[in-house]
Amino acid sequence: MALNLQGYDALKKVDAAKAETANEDNRGVGGDESVSELLSRDIFSDYRSRSVSRGCTHPGAIAEAASLSAITLPESSYPLWDSLPEETVTKGKLSQLQLEGVLYACTKHQQFLPNGQRAGFFIGDGAGVGKGRQIAGIMLDNYARGRRRHLWLSTSSDLHLDAQRDLRNIGCHINVINNCQTLDKEQKVVGLPKDLKEGVLFMTYSTLVMKHKGQGSRLLQVIDWLGGPTFDGCIVLDEAHKAKSFVPGKEAQSSKVASSVLELQERLPASRVVYCSATGVSEVGNMAYMSRLGLWGPGSAFNDFQAFLDSMKKRGVSFLEMLAMEMKAQGYYVARGLSFRSAEFSELEARLTTAQTTFYNDAVSLWQDLRLQLTAALDRTATTSRDVWKSYWAAQQRFFKLMCVSFKVPVVAAEAQKALVGGFAVVIGLQTTGEAAAESMGLQPGQACGFASTTRELLQRFVDIHFPTKAEPKDGQAAQDEPESVRIKREMLARVNALELPANFLDELIDHLGGPSAVAEMTGRRGRIVRKGRLGVFELRAKPDSSEMDSLNVNETAAFMRGDKLVAIVSDAASTGISLHASADAQNQRRRIHLTIELPWSADKAIQQLGRSHRSNQVHAPIYKLVFTNLGGEKRFAAAVARRLQSLGALTRGDRRAASGIDLSESNFDSPLGRKSLRRMYDAIVQGSPALPSGVTLTSILGDCLRDEGEIVQKVLDRLPGSGTVNQAQQIPAVECLHQELRDCVDIMGVGSAMPRSDTVAEDTTTPGPTTSAPSKDMGDVRRFLNRLLGLPVSQQNLLFSYFEKTLVAEIQAAKSEGRYFEGVSDLSGSNISERPTPQVLWVDVHSGLRTLRTDLTMDRGLSFEVAKAKAARESMPSDRSGFRRSRQPMFGRSMYILALQKPGQPNLFSICRPNTGVSYFDMESDELNSKYQRISEEEAQEGWEDVYDASFRACMHGPGCQQGPDCQVGRRLTSITILSGSVVRVWGTLESLLERHQGMLSRNDRTMRCARVEFKDGDDVTALIGVRYPAQLLGDVVATLSKAQELISAPTQVEGAPVLQKATLEAAAMGAGGAIRAEPPTPVDKKSLAKALRPPQTMLNFFKPKAAPGAPPSTKRKSSELGKLAPSMAGTAAKQQAEQALGQSAITEAESLATAGPGSGSGKHWGRQELGPPLPNGVSRQHADSLIAMGFSQTQASRALLATQGDLPRAINWILQS
């Protein structure tokens, strides 16, 4: 269908021709900007350790958020080097970066918070930096000081081996106990064996919340093993974000993991807690488990977590940025990350084919019909269960997500095959596997079923379970079938069976890439369908009820890193801790191409995926390709991710743009502005408004959707005049048509638009039914909007998302123009700041001793013509509209001059530079720019620019008759600002309350607190000051309020009767007081404990010696002979079957008879070095076999063990003894 674009073209001409004549106000001279700011381009700084000088630098390019880099960690006198072996430091087993984390964790653990609990430490390093080794270093130090029991919590039992490896890699041989089940297995009547009474108990969060065989909970078992309330060892919360989802005051709604982790910390107040997570503070509401960081409670700025959470929601990201910096300054927090500087990023579009679009729209139609029929069936059967609609929306969301991923398979498979031919290794990241739907099919191992569609099974299962056919029983009668519902259910199932749906994407993808023998699968699923000839056959990935499943992902990872398999597929469930990078220590050093087949809306999860293939000690940085379809907002979201990844260089946090290594500030849909935009869009649609939300135009909404050729787009265009000019009144029919059509879409999504409402629309969470209004707490749920959007036909979801996106852009622009939108730490732009002033103490907290400092700066913010001309040449492009401009109307008797620079990728947005105030913090839309300024050449601009530059050095732009007197700074080049640094968080409530009380007298730029940075140059040395900008004229009130607040603690009645705002200010100031932090001295190193920690355990390789020469002490021979007698029978094992195929049955029979006789038992033969017996099977090393034979094992046992363990000698020994 070809669209009629005449109306659209006419509308576009009107938008392009808009020009409003308006007099320039103070913004024209930068008067409302105070000191001009420039969003810091230096988001990341190269990391260097300033607190640890010993040891080796980290093997990899490391970056730290520039805001955190400007903050130094406090000095530490902790004697860490007493407990660490010299070679651990000098040989780089722990790098300087990792030593720093260990040092400050141990230092902070010496302190107790005012509430009596020991302080904790937060390692917020990004993926691949080596958090595991830092944990190992912390545990080694504590073990060496006599604390011999520790707890290591993580997400997967697979990571037990990683924990053991991290300890061994630094030379520490503390026993690692794998989960509580090991304790259960070894528990005797007299207690645990000696080797299980101490060491590191490694367990998963899921085990922590389990019951313990009728003996209480696992939590109590763990507390008992650790030693009870006096326990002072380490509790490591690895991947600590798994303990999120705690709701204060509503523990029943909290996750079991979050509640258990909080209870564990409360019951063991002296424990040394370490939080480890690269995404631990991605959402403030998920921080409740971090109770040991002193962020709330006595002595902090907040009474409890709820007060902290409420404040965060109100105060925004600037406060969080300052909080992160103060946490580092106080020694609670480190956050470093691998630089992405050498990685490459690109986009890969899997645009839906015509057939795929048809399949998708057919599925949408079926779901819509199902919803209508389900509503009618519920009425006929009088069913009142609200679970039906919850299940409906959940099933629909999973269905379309699986379908979207399936549509990408052909493109992803082709790209992967191309990469393999080019000499690359391929990593494919996804979030889900579709296993739940596949399991419900009830497939048995070996069953030929073809490549089944998990989407079909999901839909069939929903209809089978949730479509009601029996009427609710009345008067004690049995439930009877409702004939109409039975008939419709049968028809719906028939339609589901007839629907064209794709096969399981994971099975299909593995099949395209060579099958399980060529693809390493790291997921949580137990079974899969593989090709056997022409058929698809179901098989289990590991034997049921065996230990193989626990190590399956580990083995698959090892196969990929060895190069046995060159494609790795990793899901979200199994990705934690897995390393798939081109490691210098791995055999497979091909450069990785990382394809993200399923991009989540959460930026943190997206970055967690990327961290699998980008880690320390790599030969090549990966190439990332973000795969997206043209459905909904996925394309634009992926494009934003890729564009920002290309321009940035690290993965860390501290600056909101650095939180994930990508700047998603304007693409973060689930933000306060995103939620507000969603409500504004819903309101316009539901009310049938004749006007679009402010700042949104029809051309912007329709422009992205013309390619879809949707029916709604054509209806809207048909209501526009075909030619001539289109005024505002002529657009009303088109806007009303758009809203009417989209209202139907919103109804389909079930967001309650059909119900009576007050001022917003949101989806149902209280009353059962497909569409109802929702309580205010659920209004503007962006995530649900984005998920339910998938349930619309392709063209409609693209149109509705375009509307939402354009409303969000308008909201952001409005917030910027009003000074309410801040993208991150900003640099104060000015010159002649060569000397760093000495800061003055503004306030000292009487309990903690922490100081709040003020630094007064005088800055020249002007921009000379030479600098402006060079800036224009450097930042403008030949094809854009950048250049010098002159005001159309004079201002204060003279023309104003600016340099407008078109922003990359945003043709209608310009950054503004002025001669008197430099680079403006506020951007300007092209419409406003054209209405106020006219373009001129450099030659025309020079004289006027220089006049303004010279005249504004010490004078404001109002001229000699300025009514504000000589202190007026409007438009003046030379101006003063004040930066508050040090402990600002504790007095934030006071600062904020006073701003609120006096905002009427402040400029727009001073009404909100935000972080700023200024650099000072001394020759080649550059230092930075970072803190919060604050009006100097209010600092006297700040000190007075804080002083009075100290009295509030002892005499709270003094504020009774005070004005509301003043009372709130005093109470906010008093929150930060309430107790002092005390510290205990370091525990001396216990030499016996240190020696035990560093002593390798006795294994078969170092305890039993090779066969001695004649005349050797008999004890050696006896031990070797006794070991041979310990070798168990291998009959019935898989290894025996494998060995039989390789050796032949006769050789097995002969070898078993000799093994039964045992070496030296009179059989006439002994499997020693001089008598080797039958030939070895292919793949078995003669050297390794000889080593096992020399220990007393038979050649058959050696062959089987080496075949089963792929030639790994230590594992082969343990395999024989444990089989």
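Reply: Let us begin with one bridge in this predicted model. Ile123 has Val334, a residue of strand 11, as its bridge partner.

Me: Over how many bridges do strand 5 and strand 11 pair, and in which sense?

Reply: In general, the strands of a sheet pair through backbone hydrogen bonds, in either a parallel or an antiparallel manner. Here strand 5 (residues 121–123) pairs with strand 11 over two bridges, in the parallel sense.

Me: What is the strand order of the open sheet?

Reply: The open sheet contains seven strands in the order 7-8-6-9-10-5-11, and the pairing is parallel. Strand 7 (176–178) and strand 11 (333–334) each have a single partner strand, so at these edges one side of each lacks a neighbour in the sheet.

Me: Which strands does helix 5 touch?

Reply: Helix 5 (residues 131–144) packs on the sheet and touches strand 5, strand 6 (149–154), strand 8 (199–204), strand 9 (234–238) and strand 10 (272–276). The direction of helix 5 makes about 165 degrees with that of strand 6.

Me: Which residues make the contact of helix 28 with helix 30?

Reply: Helix 28 contributes Phe865, Glu866, Ala868 and Lys869, while helix 30 contributes Glu938, Ala941, Gln942, Trp945 and Glu946. Four of these residues are nonpolar, one is polar and four are charged.

Note on methods: Residues numbered from 1 in each chain as written. Predicted model: local features only at pLDDT ≥ 70, side-chain atom pairs only at ≥ 80, totals over all residues. Heavy atoms only, no water. Pairing = 2+ DSSP bridges. Helix = DSSP H or I, 4+ residues; strand = E, 2+ residues; numbered from the N terminus. Contact = heavy atoms within 4.5 Å. Axes fitted to C-alpha atoms, helices over the stretch in contact; angles between N-to-C directions. Nonpolar A, V, L, I, M, F, W, Y, C, P; charged D, E, K, R; others polar.
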